[in-house]
Amino acid sequence: QVQLVESGGGLVQPGGSLRLSCAATGSGFSISTMGWYRQAPGKQRELVATITSGGRTNYVDSVKGRFTISRDNAKNTVYLQMNSLRPEDTAVYYCNVDYIVSLTMRNYWGQGTQVTVSS
């Protein structure tokens with residue numbers, strides 16, 4: 001069974017930076033695509049960025065050029081480097097992974113970490 005441990009959220013001023021981390025722990029599985037989603041108050045959860053096991057990335061238009069997703073396959077960890085943060089980036093950020101266990105593809109969500117961009 002996989003568990004996700006997220007870290008790195010917090011309060012930052014506009015224009016600042018934060019780095020989120022999400023480590024997948026456990027055994028008996030193989031991680032496929034990893035990603036970050038976010039949900040602001042009163043809004044639907046939206047995709048922020050994803051990265052495949054081969055390193056192919058995808059971003060929502062609003063974060064292109066500001067956020068960078070990366071992963072360390074040896075550590076089963078995905079990162080989200082967020083630069084030039086804006087107040088509209090304020091949300092709970094959730095890690096999400098596709099993983100294979102017993103030849104079956106499954107999906108799992110992290111518990112979420114709060115990111116607040118405010119002066």
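1. Ground rules first: residues are numbered from 1 along each chain as its sequence is written, and side-chain values use heavy atoms, with hydrogens and water left out. As this is a predicted model, local features need pLDDT of at least 70 and side-chain atom pairs count only at 80 or more, while totals for chains, interfaces and linings use all residues.

2. On secondary structure, the protein chain has 11 strands and zero helices (DSSP runs: E of at least two residues for strands, H or I of at least four for helices).

3. How does the radius of gyration sit against the globule rule? A compact globule of 119 residues would have one near 14 Å, and the protein chain has 14 Å, so the two agree (C-alpha atoms; the rule is 2.2 Å times the number of residues to the power 0.38). The C-alpha box is roughly 45 × 25 × 25 Å along the principal axes.

4. Of the 119 residues, 41% are buried, meaning under 20% relative accessible area with a 1.4 Å probe, protein chains only.

5. The largest nonpolar core holds 31 residues, and Trp 36, Leu 80, Met 82 and Tyr 93 have the most contacts inside it (a core is a set of buried Ala, Val, Leu, Ile, Met, Phe, Trp, Tyr and Cys joined through side-chain atoms within 4.5 Å). Strand 9 gives the largest share of this core, six residues.

6. Leu 80 is worth a click: beyond four places in sequence, its contacts (heavy atoms within 4.5 Å) include Trp 36, Val 48, Phe 67 and Tyr 93.

Definitions and conventions: Buried < 20%, exposed > 50% of the residue type's maximum accessible area, 1.4 Å probe, protein only.
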